Amino acid sequence: MEPVLRIENLSKSFGGLKAAHDFGLELGPGDIQGIIGPNGAGKTTVFNLITGVYRPDSGRIRLSDHELAGLPSDVITRRGISRTFQNIRLFNRMTVWDNIRTAFHDRSGYGFWEAALGLPRYRNREKRISMESMAFLERFGLADRRNEPADSLPYGEQRRLEIARALATRPRVLLLDEPAAGMNPTEVEELIGLIRGIHRDFELSILLIEHQLPVVMQLCRHVHVMDFGRTIAAGEPLEVTANPLVIKAYLGDEEAG
Amino acid sequence: MLDTVIQQLLNAAQLGAVYALIALGYTMVYGTIRLINFAHGDIFMLGGYIGFLLVTAVSGMPLVVMMPLAMLLTALVGMLIERVAYRRLRNAQRMSLVITALGVGIFLENLVRLLVGPQARQLPAQLPNGVVELFNGVVVTEDKILIIFISLALMVILWLFVHRTLMGTAMRAVADNKDAVQLMGINLNMVIAVTFAIGSALAAAGGIFFGQAYSIDPYMGIDLGWKAFIAAVIGGIGSIEGAVLGSFLLAGVEVLTVAYLSSNMKNGIAFGLLILLLLLRPNGIMGRPELKKV
(Lines give C-alpha, C1' and ligand atoms only; values in the text may rest on other atoms or scores of the structure.)
Protein backbone atom coordinates (compact mmCIF):
# COMPACT_ATOMS: atom_id res chain seq x y z
CA MET A 1 0.00 0.00 0.00
CA GLU A 2 1.10 3.56 -0.71
CA PRO A 3 2.71 5.03 2.44
CA VAL A 4 1.10 8.05 4.09
CA LEU A 5 4.41 9.43 5.25
CA ARG A 6 7.63 8.71 3.40
CA ILE A 7 10.94 10.07 4.64
CA GLU A 8 14.13 9.64 2.66
CA ASN A 9 17.74 10.54 3.47
CA LEU A 10 16.79 13.10 6.08
CA SER A 11 19.84 14.82 7.59
CA LYS A 12 20.47 17.70 9.94
CA SER A 13 23.71 18.92 11.54
CA PHE A 14 24.23 21.43 14.30
CA GLY A 15 27.75 22.74 13.97
CA GLY A 16 29.81 19.58 13.59
CA LEU A 17 27.24 17.37 15.26
CA LYS A 18 25.16 15.16 13.00
CA ALA A 19 21.89 15.20 14.93
CA ALA A 20 20.15 13.14 12.28
CA HIS A 21 21.90 11.34 9.47
CA ASP A 22 20.25 9.71 6.49
CA PHE A 23 17.06 8.95 8.33
CA GLY A 24 14.42 7.09 6.36
CA LEU A 25 10.97 5.72 7.07
CA GLU A 26 7.77 4.58 5.41
CA LEU A 27 4.63 4.87 7.45
CA GLY A 28 1.64 3.16 5.89
CA PRO A 29 -2.01 3.94 6.51
CA GLY A 30 -2.89 2.74 10.00
CA ASP A 31 0.70 1.91 10.93
CA ILE A 32 2.11 2.42 14.39
CA GLN A 33 5.89 2.68 14.33
CA GLY A 34 8.35 3.52 17.05
CA ILE A 35 11.68 5.29 17.29
CA ILE A 36 13.89 4.26 20.17
CA GLY A 37 17.44 4.98 21.15
CA PRO A 38 19.56 6.44 23.95
CA ASN A 39 19.28 10.05 25.00
CA GLY A 40 20.65 12.41 22.41
CA ALA A 41 20.32 9.83 19.62
CA GLY A 42 18.40 12.29 17.42
CA LYS A 43 14.86 11.02 17.92
CA THR A 44 13.31 14.36 18.80
CA THR A 45 15.40 15.98 16.07
CA VAL A 46 13.61 13.75 13.57
CA PHE A 47 10.25 14.95 14.96
CA ASN A 48 11.41 18.55 14.80
CA LEU A 49 12.42 18.05 11.17
CA ILE A 50 9.11 16.44 10.25
CA THR A 51 7.10 19.22 11.91
CA GLY A 52 9.17 22.05 10.46
CA VAL A 53 10.67 23.24 13.74
CA TYR A 54 14.04 22.69 12.05
CA ARG A 55 14.71 22.95 8.37
CA PRO A 56 16.42 19.80 7.06
CA ASP A 57 19.89 20.08 5.52
CA SER A 58 18.86 17.48 3.00
CA GLY A 59 16.32 14.77 2.42
CA ARG A 60 12.67 14.44 1.56
CA ILE A 61 9.56 14.30 3.72
CA ARG A 62 6.44 13.44 1.76
CA LEU A 63 2.93 13.30 3.14
CA SER A 64 1.04 11.42 0.42
CA ASP A 65 1.92 13.56 -2.59
CA HIS A 66 3.01 16.71 -0.79
CA GLU A 67 6.63 17.58 -0.08
CA LEU A 68 6.86 18.99 3.44
CA ALA A 69 10.61 19.63 3.84
CA GLY A 70 11.21 23.35 4.28
CA LEU A 71 7.59 24.32 4.92
CA PRO A 72 6.71 26.28 8.08
CA SER A 73 5.25 24.38 11.03
CA ASP A 74 1.75 25.77 10.79
CA VAL A 75 1.43 24.73 7.14
CA ILE A 76 2.70 21.24 7.95
CA THR A 77 0.12 20.93 10.74
CA ARG A 78 -2.61 22.01 8.36
CA ARG A 79 -1.45 19.41 5.83
CA GLY A 80 -2.10 16.74 8.44
CA ILE A 81 0.78 16.13 10.84
CA SER A 82 0.28 16.80 14.50
CA ARG A 83 2.46 16.12 17.52
CA THR A 84 2.91 16.14 21.25
CA PHE A 85 6.07 17.03 23.15
CA GLN A 86 8.38 15.26 25.53
CA ASN A 87 7.99 18.19 27.91
CA ILE A 88 4.29 18.89 27.68
CA ARG A 89 3.60 22.18 25.90
CA LEU A 90 0.10 23.26 26.73
CA PHE A 91 -1.16 26.83 26.89
CA ASN A 92 -0.75 26.75 30.63
CA ARG A 93 -2.72 29.77 31.71
CA MET A 94 -5.58 29.09 29.35
CA THR A 95 -8.46 26.81 30.22
CA VAL A 96 -8.67 23.23 29.04
CA TRP A 97 -11.50 24.38 26.78
CA ASP A 98 -9.46 27.13 25.12
CA ASN A 99 -6.54 24.74 24.67
CA ILE A 100 -8.71 22.47 22.56
CA ARG A 101 -10.17 25.41 20.66
CA THR A 102 -6.76 26.53 19.41
CA ALA A 103 -6.71 23.39 17.27
CA PHE A 104 -9.70 24.66 15.28
CA HIS A 105 -8.05 27.96 14.38
CA ASP A 106 -7.66 27.48 10.65
CA ARG A 107 -11.09 25.98 10.29
CA SER A 108 -13.04 28.80 11.89
CA GLY A 109 -14.88 29.45 8.65
CA TYR A 110 -15.91 32.95 9.66
CA GLY A 111 -14.34 36.36 9.22
CA PHE A 112 -13.65 39.26 11.55
CA TRP A 113 -16.80 41.20 10.69
CA GLU A 114 -19.03 38.19 10.97
CA ALA A 115 -17.70 37.67 14.49
CA ALA A 116 -17.81 41.37 15.39
CA LEU A 117 -21.42 41.63 14.31
CA GLY A 118 -22.39 38.23 15.66
CA LEU A 119 -23.78 37.09 12.30
CA PRO A 120 -25.41 33.66 11.95
CA ARG A 121 -22.40 32.13 10.22
CA TYR A 122 -20.19 33.05 13.18
CA ARG A 123 -22.71 31.64 15.63
CA ASN A 124 -23.28 28.44 13.67
CA ARG A 125 -19.60 27.78 13.19
CA GLU A 126 -18.84 28.51 16.83
CA LYS A 127 -21.61 26.15 17.86
CA ARG A 128 -20.14 23.39 15.74
CA ILE A 129 -16.63 24.00 17.04
CA SER A 130 -17.98 23.92 20.58
CA MET A 131 -19.69 20.61 19.93
CA GLU A 132 -16.58 19.09 18.42
CA SER A 133 -14.40 20.44 21.24
CA MET A 134 -16.77 18.97 23.77
CA ALA A 135 -16.69 15.62 22.00
CA PHE A 136 -12.89 15.57 22.24
CA LEU A 137 -12.91 16.49 25.91
CA GLU A 138 -15.47 13.80 26.68
CA ARG A 139 -13.55 11.20 24.70
CA PHE A 140 -10.49 11.94 26.85
CA GLY A 141 -12.31 12.27 30.16
CA LEU A 142 -11.57 15.96 30.50
CA ALA A 143 -15.04 17.44 30.11
CA ASP A 144 -15.42 18.16 33.82
CA ARG A 145 -12.14 20.02 33.81
CA ARG A 146 -12.93 22.29 30.90
CA ASN A 147 -12.95 25.56 32.83
CA GLU A 148 -9.74 24.91 34.72
CA PRO A 149 -6.39 26.34 33.64
CA ALA A 150 -4.32 23.67 31.91
CA ASP A 151 -1.44 23.92 34.39
CA SER A 152 -3.74 23.04 37.28
CA LEU A 153 -4.37 19.54 35.87
CA PRO A 154 -2.48 16.55 37.21
CA TYR A 155 0.33 15.32 35.01
CA GLY A 156 -1.56 12.41 33.44
CA GLU A 157 -4.44 14.64 32.44
CA GLN A 158 -2.09 17.21 30.96
CA ARG A 159 -0.71 14.42 28.75
CA ARG A 160 -4.21 13.44 27.71
CA LEU A 161 -5.12 17.06 26.97
CA GLU A 162 -2.04 17.46 24.81
CA ILE A 163 -2.95 14.34 22.84
CA ALA A 164 -6.57 15.49 22.54
CA ARG A 165 -5.45 18.90 21.31
CA ALA A 166 -3.14 17.30 18.73
CA LEU A 167 -5.99 15.10 17.50
CA ALA A 168 -8.37 18.03 17.26
CA THR A 169 -6.27 19.42 14.39
CA ARG A 170 -7.44 16.27 12.53
CA PRO A 171 -4.05 14.84 11.63
CA ARG A 172 -3.43 11.94 9.29
CA VAL A 173 -0.17 11.30 11.09
CA LEU A 174 0.22 11.70 14.84
CA LEU A 175 3.70 12.05 16.35
CA LEU A 176 3.97 11.23 20.04
CA ASP A 177 7.21 12.25 21.75
CA GLU A 178 7.72 10.04 24.81
CA PRO A 179 4.06 9.91 25.82
CA ALA A 180 4.85 7.57 28.73
CA ALA A 181 7.62 9.75 30.21
CA GLY A 182 7.23 10.08 33.95
CA MET A 183 4.42 7.54 34.20
CA ASN A 184 4.20 4.58 36.56
CA PRO A 185 3.45 1.07 35.23
CA THR A 186 -0.31 1.40 35.82
CA GLU A 187 -0.45 4.72 34.00
CA VAL A 188 1.64 3.26 31.20
CA GLU A 189 -0.92 0.44 30.77
CA GLU A 190 -3.70 3.03 30.58
CA LEU A 191 -1.74 5.04 28.05
CA ILE A 192 -1.24 1.98 25.84
CA GLY A 193 -5.00 1.40 25.94
CA LEU A 194 -5.59 5.06 25.09
CA ILE A 195 -3.24 5.02 22.10
CA ARG A 196 -4.84 1.79 20.83
CA GLY A 197 -8.23 3.46 21.12
CA ILE A 198 -7.07 6.55 19.25
CA HIS A 199 -5.56 4.40 16.53
CA ARG A 200 -8.80 2.49 16.15
CA ASP A 201 -11.20 5.45 16.26
CA PHE A 202 -9.38 8.19 14.39
CA GLU A 203 -8.03 6.29 11.37
CA LEU A 204 -4.54 7.64 11.50
CA SER A 205 -0.94 6.54 11.44
CA ILE A 206 1.15 6.97 14.56
CA LEU A 207 4.88 7.47 14.99
CA LEU A 208 6.09 7.45 18.57
CA ILE A 209 9.32 8.03 20.41
CA GLU A 210 9.52 6.08 23.61
CA HIS A 211 12.00 5.08 26.27
CA GLN A 212 9.69 2.62 27.96
CA LEU A 213 10.13 -0.58 26.00
CA PRO A 214 6.78 -2.14 27.01
CA VAL A 215 5.00 0.65 25.15
CA VAL A 216 6.98 0.05 21.98
CA MET A 217 6.72 -3.73 22.27
CA GLN A 218 2.96 -3.70 22.67
CA LEU A 219 2.05 -1.02 20.14
CA CYS A 220 4.54 -1.00 17.31
CA ARG A 221 4.87 -3.39 14.43
CA HIS A 222 8.03 -1.70 13.24
CA VAL A 223 10.79 -0.01 15.24
CA HIS A 224 13.68 2.24 14.26
CA VAL A 225 16.67 2.33 16.60
CA MET A 226 18.78 5.48 16.52
CA ASP A 227 22.19 6.13 18.00
CA PHE A 228 24.31 9.25 17.42
CA GLY A 229 21.95 10.44 14.69
CA ARG A 230 22.13 7.21 12.70
CA THR A 231 19.61 4.43 12.33
CA ILE A 232 21.46 1.37 13.60
CA ALA A 233 18.60 -1.09 13.22
CA ALA A 234 15.02 -1.29 12.01
CA GLY A 235 12.43 -4.03 11.99
CA GLU A 236 10.00 -5.88 14.21
CA PRO A 237 10.39 -5.04 17.91
CA LEU A 238 11.47 -8.51 19.04
CA GLU A 239 13.94 -8.90 16.21
CA VAL A 240 15.41 -5.43 16.76
CA THR A 241 15.83 -5.74 20.49
CA ALA A 242 17.75 -8.95 19.94
CA ASN A 243 20.18 -7.18 17.61
CA PRO A 244 23.63 -7.04 19.28
CA LEU A 245 24.26 -3.51 18.00
CA VAL A 246 21.08 -2.34 19.65
CA ILE A 247 21.85 -4.11 22.89
CA LYS A 248 25.26 -2.50 22.94
CA ALA A 249 24.02 1.02 22.16
CA TYR A 250 20.86 1.10 24.10
CA LEU A 251 19.93 -1.79 26.29
CA GLY A 252 23.54 -2.37 27.25
CA ASP A 253 23.62 0.93 29.05
CA GLU A 254 20.72 -0.08 31.21
CA GLU A 255 22.15 -3.47 32.07
CA ALA A 256 25.44 -1.89 32.96
CA GLY A 257 23.64 0.74 35.02
CA MET B 1 -19.31 70.96 45.46
CA LEU B 2 -20.92 67.73 44.23
CA ASP B 3 -21.04 69.28 40.78
CA THR B 4 -17.28 69.88 40.75
CA VAL B 5 -16.56 66.37 41.95
CA ILE B 6 -18.71 64.86 39.22
CA GLN B 7 -17.12 67.10 36.59
CA GLN B 8 -13.68 66.03 37.76
CA LEU B 9 -14.64 62.36 37.74
CA LEU B 10 -15.94 62.73 34.19
CA ASN B 11 -12.74 64.47 33.16
CA ALA B 12 -10.84 61.59 34.70
CA ALA B 13 -13.03 59.06 32.88
CA GLN B 14 -12.45 60.82 29.57
CA LEU B 15 -8.69 60.98 30.04
CA GLY B 16 -8.69 57.41 31.35
CA ALA B 17 -10.56 56.26 28.25
CA VAL B 18 -7.91 57.79 25.99
CA TYR B 19 -5.13 56.28 28.10
CA ALA B 20 -6.85 52.91 27.95
CA LEU B 21 -7.22 53.00 24.16
CA ILE B 22 -3.46 53.49 23.94
CA ALA B 23 -2.51 51.20 26.82
CA LEU B 24 -4.33 48.27 25.21
CA GLY B 25 -1.93 48.35 22.27
CA TYR B 26 1.08 48.32 24.57
CA THR B 27 -0.25 45.44 26.59
CA MET B 28 -1.38 43.33 23.60
CA VAL B 29 1.88 43.69 21.72
CA TYR B 30 3.85 42.98 24.86
CA GLY B 31 1.67 39.94 25.48
CA THR B 32 2.35 38.44 22.06
CA ILE B 33 5.97 39.32 21.26
CA ARG B 34 7.31 40.64 24.60
CA LEU B 35 8.10 44.00 23.02
CA ILE B 36 7.51 47.34 24.69
CA ASN B 37 6.50 49.05 21.47
CA PHE B 38 7.83 52.52 22.13
CA ALA B 39 6.49 53.69 18.79
CA HIS B 40 2.96 53.05 19.97
CA GLY B 41 2.43 56.55 21.38
CA ASP B 42 3.29 57.85 17.93
CA ILE B 43 0.78 55.49 16.33
CA PHE B 44 -1.78 57.20 18.57
CA MET B 45 -0.57 60.58 17.27
CA LEU B 46 -0.70 59.30 13.70
CA GLY B 47 -4.28 58.12 14.20
CA GLY B 48 -5.25 61.63 15.27
CA TYR B 49 -3.57 63.09 12.19
CA ILE B 50 -5.11 60.57 9.81
CA GLY B 51 -8.49 61.58 11.23
CA PHE B 52 -7.58 65.23 10.82
CA LEU B 53 -6.47 64.74 7.21
CA LEU B 54 -9.63 62.81 6.37
CA VAL B 55 -11.96 65.55 7.60
CA THR B 56 -9.78 68.17 5.92
CA ALA B 57 -9.74 66.33 2.60
CA VAL B 58 -13.46 65.58 2.54
CA SER B 59 -15.16 68.37 4.40
CA GLY B 60 -18.32 67.27 6.04
CA MET B 61 -17.22 63.67 6.41
CA PRO B 62 -19.16 62.54 9.44
CA LEU B 63 -17.43 61.03 12.43
CA VAL B 64 -19.13 57.66 11.94
CA VAL B 65 -17.32 57.40 8.60
CA MET B 66 -14.11 59.19 9.52
CA MET B 67 -13.38 57.25 12.67
CA PRO B 68 -13.64 53.68 11.32
CA LEU B 69 -11.72 54.76 8.21
CA ALA B 70 -8.94 56.36 10.29
CA MET B 71 -8.82 53.29 12.51
CA LEU B 72 -8.51 51.05 9.46
CA LEU B 73 -5.75 53.15 7.89
CA THR B 74 -3.84 53.34 11.17
CA ALA B 75 -4.22 49.58 11.57
CA LEU B 76 -2.59 49.15 8.16
CA VAL B 77 0.28 51.42 9.21
CA GLY B 78 0.69 49.40 12.41
CA MET B 79 0.86 46.16 10.42
CA LEU B 80 3.31 47.72 7.98
CA ILE B 81 5.61 48.80 10.82
CA GLU B 82 5.54 45.32 12.31
CA ARG B 83 6.26 43.77 8.93
CA VAL B 84 9.06 46.13 7.93
CA ALA B 85 10.74 46.99 11.21
CA TYR B 86 10.01 44.33 13.81
CA ARG B 87 9.46 40.95 12.19
CA ARG B 88 13.04 40.28 11.21
CA LEU B 89 14.19 41.17 14.70
CA ARG B 90 11.72 38.94 16.49
CA ASN B 91 14.39 36.42 17.40
CA ALA B 92 17.16 38.97 17.82
CA GLN B 93 18.27 40.44 21.13
CA ARG B 94 15.46 42.18 22.93
CA MET B 95 17.42 45.42 23.00
CA SER B 96 17.56 45.58 19.20
CA LEU B 97 13.79 45.51 19.02
CA VAL B 98 13.35 48.17 21.69
CA ILE B 99 15.85 50.51 20.02
CA THR B 100 14.13 49.91 16.68
CA ALA B 101 10.78 50.80 18.23
CA LEU B 102 12.23 54.04 19.60
CA GLY B 103 13.60 54.79 16.14
CA VAL B 104 10.26 54.11 14.47
CA GLY B 105 8.66 56.52 16.95
CA ILE B 106 11.12 59.31 16.17
CA PHE B 107 10.65 58.64 12.47
CA LEU B 108 6.87 58.97 12.72
CA GLU B 109 7.08 62.19 14.75
CA ASN B 110 9.37 63.80 12.23
CA LEU B 111 7.47 62.48 9.25
CA VAL B 112 4.26 64.11 10.48
CA ARG B 113 6.14 67.28 11.40
CA LEU B 114 7.60 67.44 7.93
CA LEU B 115 4.37 66.72 6.09
CA VAL B 116 1.83 68.62 8.17
CA GLY B 117 3.92 71.05 10.21
CA PRO B 118 4.80 71.31 13.88
CA GLN B 119 1.88 73.48 15.03
CA ALA B 120 -0.92 72.12 17.19
CA ARG B 121 -4.20 71.61 15.39
CA GLN B 122 -7.75 71.20 16.45
CA LEU B 123 -9.89 68.47 14.96
CA PRO B 124 -13.16 70.05 13.85
CA ALA B 125 -15.71 69.38 16.56
CA GLN B 126 -17.80 66.53 15.23
CA LEU B 127 -19.33 65.28 18.41
CA PRO B 128 -22.50 66.99 19.56
CA ASN B 129 -21.51 69.39 22.29
CA GLY B 130 -24.76 70.27 23.86
CA VAL B 131 -25.23 69.71 27.54
CA VAL B 132 -27.24 67.13 29.36
CA GLU B 133 -28.60 67.72 32.83
CA LEU B 134 -27.95 64.70 35.00
CA PHE B 135 -29.87 65.85 38.06
CA ASN B 136 -30.68 69.12 39.79
CA GLY B 137 -28.25 71.47 38.16
CA VAL B 138 -25.42 69.01 37.42
CA VAL B 139 -24.77 69.29 33.70
CA VAL B 140 -22.32 67.40 31.50
CA THR B 141 -21.34 67.93 27.89
CA GLU B 142 -22.51 65.39 25.37
CA ASP B 143 -19.13 64.97 23.72
CA LYS B 144 -17.54 63.90 26.98
CA ILE B 145 -20.22 61.29 27.57
CA LEU B 146 -19.90 60.03 23.99
CA ILE B 147 -16.12 59.74 24.17
CA ILE B 148 -16.36 57.73 27.37
CA PHE B 149 -19.19 55.61 26.04
CA ILE B 150 -17.65 54.79 22.64
CA SER B 151 -14.30 54.01 24.26
CA LEU B 152 -15.90 51.62 26.71
CA ALA B 153 -17.85 50.02 23.86
CA LEU B 154 -14.61 49.46 21.93
CA MET B 155 -13.07 47.86 25.00
CA VAL B 156 -16.04 45.53 25.42
CA ILE B 157 -15.82 44.54 21.74
CA LEU B 158 -12.11 43.85 22.19
CA TRP B 159 -12.77 41.72 25.25
CA LEU B 160 -15.39 39.70 23.38
CA PHE B 161 -13.08 39.32 20.40
CA VAL B 162 -10.23 38.05 22.55
CA HIS B 163 -12.37 35.65 24.55
CA ARG B 164 -15.06 34.53 22.14
CA THR B 165 -13.39 34.09 18.76
CA LEU B 166 -10.79 31.66 17.53
CA MET B 167 -8.49 34.50 16.46
CA GLY B 168 -8.72 35.90 19.97
CA THR B 169 -7.99 32.47 21.41
CA ALA B 170 -4.98 32.25 19.10
CA MET B 171 -3.76 35.64 20.36
CA ARG B 172 -3.93 34.41 23.94
CA ALA B 173 -2.20 31.20 22.88
CA VAL B 174 0.67 33.19 21.34
CA ALA B 175 0.98 35.11 24.60
CA ASP B 176 0.98 31.87 26.55
CA ASN B 177 3.36 29.63 24.62
CA LYS B 178 4.64 30.86 21.30
CA ASP B 179 6.48 27.59 20.54
CA ALA B 180 3.36 25.46 20.63
CA VAL B 181 1.19 27.82 18.61
CA GLN B 182 2.41 27.00 15.12
CA LEU B 183 2.12 23.30 15.83
CA MET B 184 -1.61 23.87 16.25
CA GLY B 185 -1.68 24.98 12.60
CA ILE B 186 -1.83 28.64 13.60
CA ASN B 187 -0.01 31.14 11.43
CA LEU B 188 2.06 33.04 14.00
CA ASN B 189 2.85 35.96 11.70
CA MET B 190 -0.80 36.43 10.94
CA VAL B 191 -1.78 36.49 14.61
CA ILE B 192 0.96 39.02 15.42
CA ALA B 193 -0.09 41.19 12.49
CA VAL B 194 -3.69 41.14 13.73
CA THR B 195 -2.46 42.12 17.20
CA PHE B 196 -0.66 45.15 15.78
CA ALA B 197 -3.68 46.03 13.66
CA ILE B 198 -6.08 45.98 16.59
CA GLY B 199 -3.71 47.86 18.91
CA SER B 200 -3.14 50.53 16.26
CA ALA B 201 -6.83 50.90 15.47
CA LEU B 202 -7.66 51.44 19.13
CA ALA B 203 -4.83 53.97 19.46
CA ALA B 204 -6.25 55.81 16.43
CA ALA B 205 -9.63 56.04 18.15
CA GLY B 206 -7.81 57.48 21.16
CA GLY B 207 -5.98 59.99 18.95
CA ILE B 208 -9.21 61.19 17.36
CA PHE B 209 -10.93 61.56 20.72
CA PHE B 210 -7.92 63.40 22.09
CA GLY B 211 -7.98 65.73 19.09
CA GLN B 212 -11.68 66.37 19.68
CA ALA B 213 -11.26 67.06 23.37
CA TYR B 214 -7.93 68.89 23.23
CA SER B 215 -5.67 69.27 20.18
CA ILE B 216 -3.14 67.28 18.19
CA ASP B 217 0.54 67.93 17.49
CA PRO B 218 3.37 65.71 16.21
CA TYR B 219 4.80 65.17 19.70
CA MET B 220 1.59 64.45 21.58
CA GLY B 221 2.39 60.74 21.47
CA ILE B 222 5.43 61.10 23.67
CA ASP B 223 3.72 62.30 26.82
CA LEU B 224 0.49 60.38 26.29
CA GLY B 225 2.39 57.30 25.19
CA TRP B 226 4.44 57.28 28.37
CA LYS B 227 1.38 57.77 30.50
CA ALA B 228 -0.47 54.95 28.77
CA PHE B 229 2.60 52.75 29.09
CA ILE B 230 2.73 53.50 32.81
CA ALA B 231 -0.98 52.70 33.04
CA ALA B 232 -0.36 49.34 31.33
CA VAL B 233 2.49 48.57 33.73
CA ILE B 234 0.44 49.57 36.76
CA GLY B 235 -2.36 47.29 35.58
CA GLY B 236 0.04 44.47 34.79
CA ILE B 237 1.53 44.55 31.29
CA GLY B 238 0.21 41.73 29.15
CA SER B 239 -3.21 41.92 30.78
CA ILE B 240 -6.06 43.58 28.89
CA GLU B 241 -8.20 44.11 31.97
CA GLY B 242 -5.15 45.46 33.79
CA ALA B 243 -4.47 48.04 31.08
CA VAL B 244 -8.00 49.42 31.35
CA LEU B 245 -7.92 49.43 35.13
CA GLY B 246 -4.49 51.07 35.27
CA SER B 247 -5.58 53.74 32.79
CA PHE B 248 -8.61 54.87 34.75
CA LEU B 249 -6.65 54.71 37.98
CA LEU B 250 -3.82 56.83 36.63
CA ALA B 251 -6.18 59.35 35.04
CA GLY B 252 -8.15 59.57 38.28
CA VAL B 253 -5.03 60.29 40.30
CA GLU B 254 -3.84 62.89 37.79
CA VAL B 255 -7.12 64.74 37.47
CA LEU B 256 -7.74 64.79 41.21
CA THR B 257 -4.17 65.98 41.86
CA VAL B 258 -4.65 68.86 39.44
CA ALA B 259 -8.05 69.72 40.87
CA TYR B 260 -7.29 69.55 44.56
CA LEU B 261 -3.53 69.84 44.97
CA SER B 262 -1.54 71.42 42.18
CA SER B 263 -1.06 70.86 38.47
CA ASN B 264 2.70 70.98 39.03
CA MET B 265 2.48 67.83 41.06
CA LYS B 266 0.57 65.87 38.42
CA ASN B 267 3.47 63.96 36.92
CA GLY B 268 5.25 63.66 40.24
CA ILE B 269 2.26 61.94 41.76
CA ALA B 270 1.64 59.80 38.67
CA PHE B 271 5.18 58.50 38.50
CA GLY B 272 5.31 58.21 42.30
CA LEU B 273 2.25 55.99 42.10
CA LEU B 274 3.99 53.80 39.54
CA ILE B 275 7.05 53.39 41.74
CA LEU B 276 5.01 52.68 44.84
CA LEU B 277 2.79 50.16 43.09
CA LEU B 278 5.69 48.36 41.50
CA LEU B 279 7.39 48.09 44.87
CA LEU B 280 4.28 46.47 46.29
CA ARG B 281 3.27 44.47 43.23
CA PRO B 282 6.16 44.10 40.79
CA ASN B 283 3.89 42.49 38.19
CA GLY B 284 1.18 45.14 38.34
CA ILE B 285 -2.35 44.86 39.66
CA MET B 286 -3.54 42.08 37.35
CA GLY B 287 -0.13 40.79 36.30
CA ARG B 288 1.00 37.31 37.13
CA PRO B 289 4.60 36.41 37.77
CA GLU B 290 6.45 35.50 34.60
CA LEU B 291 6.82 31.76 34.40
CA LYS B 292 10.42 30.85 33.90
CA LYS B 293 10.95 28.00 31.50
CA VAL B 294 13.30 25.32 32.69
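Two residues are in contact when heavy atoms of theirs lie within 4.5 Å. Keep that in mind for B:Thr74: leaving aside neighbours within four places in sequence, B:Thr74 is in contact with B:Ile43, B:Gly47, B:Ile50, B:Ser200 and B:Ala204.

Some housekeeping before we go on. This is a predicted model, where local features need pLDDT of at least 70 and side-chain atom pairs count only at pLDDT 80 or more, while totals for chains, interfaces and linings use all residues. Residues are numbered from 1 along each chain as its sequence is written, chains are lettered from A and ligands numbered from 1 in the order in which they are written, and side-chain values use heavy atoms, with hydrogens and water left out.

B:Thr74 sits in helix H3 (residues 63–86) of chain B; helices here are DSSP runs of H or I with at least four residues, strands are E runs of at least two, and both are numbered from the N terminus. Is B:Thr74 buried or exposed? Its relative accessibility is 0%, so B:Thr74 counts as buried (buried is under 20% relative accessible area, exposed is over 50%, partly exposed is in between, with a 1.4 Å probe and protein chains only).

B:Asn37 is found in the loop between helix H1 (2–33) and helix H2 (40–57) of chain B. With a relative accessible area of 4%, B:Asn37 is buried too. The side chain of B:Asn37 makes a polar contact with the side chain of B:Tyr86 at 2.7 Å. For a polar contact, a pair of N or O atoms must be within 3.5 Å; within protein, one must be able to donate a hydrogen and the other to accept it, and residues adjacent in sequence count only if both atoms are side-chain atoms.

**Where the chains meet**

How many residues of chain B are in contact with chain A? There are 24, and they touch 30 residues of chain A. The two chains bury about 2500 Å² between them, 62% of it on carbon and sulfur atoms (buried area is the accessible area, with a 1.4 Å probe, that two parts lose on being put together, summed over both). On the chain B side, B:Leu166, B:Leu183 and B:Met184 lose the most area to chain A, together 32% of what that side buries.

The interface also has 8 residue pairs in polar contact, both residues at pLDDT 80 or more. Helix H6 of chain B gives the most to the side that touches chain A, with 7 residues. There is 1 salt bridge across the interface, and B:Arg172 forms a salt bridge with A:Asp98.

**Salt bridges**

A salt bridge is a side-chain nitrogen of Lys or Arg within 4 Å of a carboxyl oxygen of Asp or Glu. Over all chains, the count comes to 21. Here are some of them:

| Salt bridge | N to O distance |
|---|---|
| B:Arg172 and A:Asp98 | 2.7 Å |
| A:Arg62 and A:Glu67 | 3.6 Å |
| A:Asp177 and A:Arg83 | 3.8 Å |
| A:Asp201 and A:Arg139 | 2.8 Å |

A:Asp177 and A:Arg83 are both buried. A:Asp201 is partly exposed, with a relative accessible area of 40%, and A:Arg139 is partly exposed at 30%. There's a network of salt bridges as well, linking A:Arg6, A:Glu8, A:Glu26 and A:Arg60.

**Chain A as a whole**

Chain A has 10 helices and 10 strands. Buried residues make up 52% of its 257 residues.
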